[in-house]
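The report below covers both.

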Amino acid sequence: MGAALGTLVKAMGRVTLAAPPGGTYGDLEQIDPLLPDPLAAAALPLIDSRDQKRLARLLADVMAERQSWYATLPRQFIHGDCVPFNVLMVGARVSAILDFELACRDIRAMDFAIGLWPWLRQGEAMADAFARGYTSHQAFTFAEAEALPFLLRLRRAATLVWWAGRYLHGTAGAEMLQWAVSSALQMADWLEANRAVLIARASQWAAGS
């Protein structure tokens, strides 16, 4: 899967369009018209008050960091949602990557961060295998390694705002919003405990080891 994503990212880096579709993950204010203030997604009555405070801090931190990362990291067209359920396999071979609904011009390493997250939770060997596959086809820089904690949190922040919007529109139930809340908080907890280790390991991926 890492090799397939690396190949796809490299190919999409050659794509140019006069009018790029959609916004970026960083455009949190534009995800849903009912949530022009992304912080409001953390304040919905359905969410426990303790979780509201943690989510508000996550959103505020991401919003404070995004300008510097978007100004410095390479940007290109990305898939935007390359997770296991969007990848078809035939035996040990990737036969297709599906669902380009979230494709946009964004930070290049966002695809890597999104694809990496499911394997980070499976242990170092799985994450290393994914990263080796990716970097065998697509460059991965030290700056992108340092940005991984931000990119992971940004993905969860945008997902939270998206599902909060769907809930307010009545097109998603409370269980999906609760899933977005728990996913965001689980990632925040994981990063709090593993941030330094992740950056050190990602720096080794950038160095080719």
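Predicted model: local features only at pLDDT ≥ 70, side-chain atom pairs only at ≥ 80, totals over all residues.

Residues are numbered from 1 along each chain as its sequence is written, and side-chain values use heavy atoms, without hydrogens and water.

**Helix pair**

Helix H3 (residues 109-120) packs on helix H4 (residues 124-135) at about 155°, with the axes 8 Å apart. That makes H3 roughly antiparallel to H4 (angles over 145 degrees count as such). Phe 112, Gly 115, Leu 116, Trp 119 and Leu 120 in H3 meet Met 126, Ala 127, Phe 130, Ala 131 and Tyr 134 in H4 (contact means heavy atoms within 4.5 Å). By class, this contact has nine nonpolar, one polar and no charged residues.

**Aromatic pairs**

The structure holds seven aromatic pairs. Rings of Phe, Tyr and Trp (its six-membered ring) pair if their centres lie within 6.5 Å; planes under 30 degrees apart count as stacked, over 60 as edge-to-face and the rest as tilted. Two of the pairs are tabulated here.

| Pair | Centre distance | Plane angle | Type |
|---|---|---|---|
| Trp 69 and Phe 150 | 6.2 Å | 25° | stacked |
| Phe 112 and Trp 205 | 5.9 Å | 70° | edge-to-face |

Trp 69 lies in helix H2 (residues 49-72) and Phe 150 in helix H5 (residues 142-169), so their pair ties together parts 81 residues apart in sequence. Phe 112 in helix H3 and Trp 205 in helix H6 (residues 174-207) are 93 residues apart. Phe 112 is buried at 0% relative accessible area (buried means under 20%, with a 1.4 Å probe and protein chains only). Trp 205 is buried too, at 5%. Ring pairs link Phe 112, Phe 130, Tyr 134, Phe 140 and Trp 205 into a cluster.

How values were computed: Axes fitted to C-alpha atoms, helices over the stretch in contact; angles between N-to-C directions. Helix = DSSP H or I, 4+ residues; strand = E, 2+ residues; numbered from the N terminus. Parallel < 35°, antiparallel > 145°, perpendicular 65-115°, else oblique. Nonpolar A, V, L, I, M, F, W, Y, C, P; charged D, E, K, R; others polar. Buried < 20%, exposed > 50% of the residue type's maximum accessible area, 1.4 Å probe, protein only.
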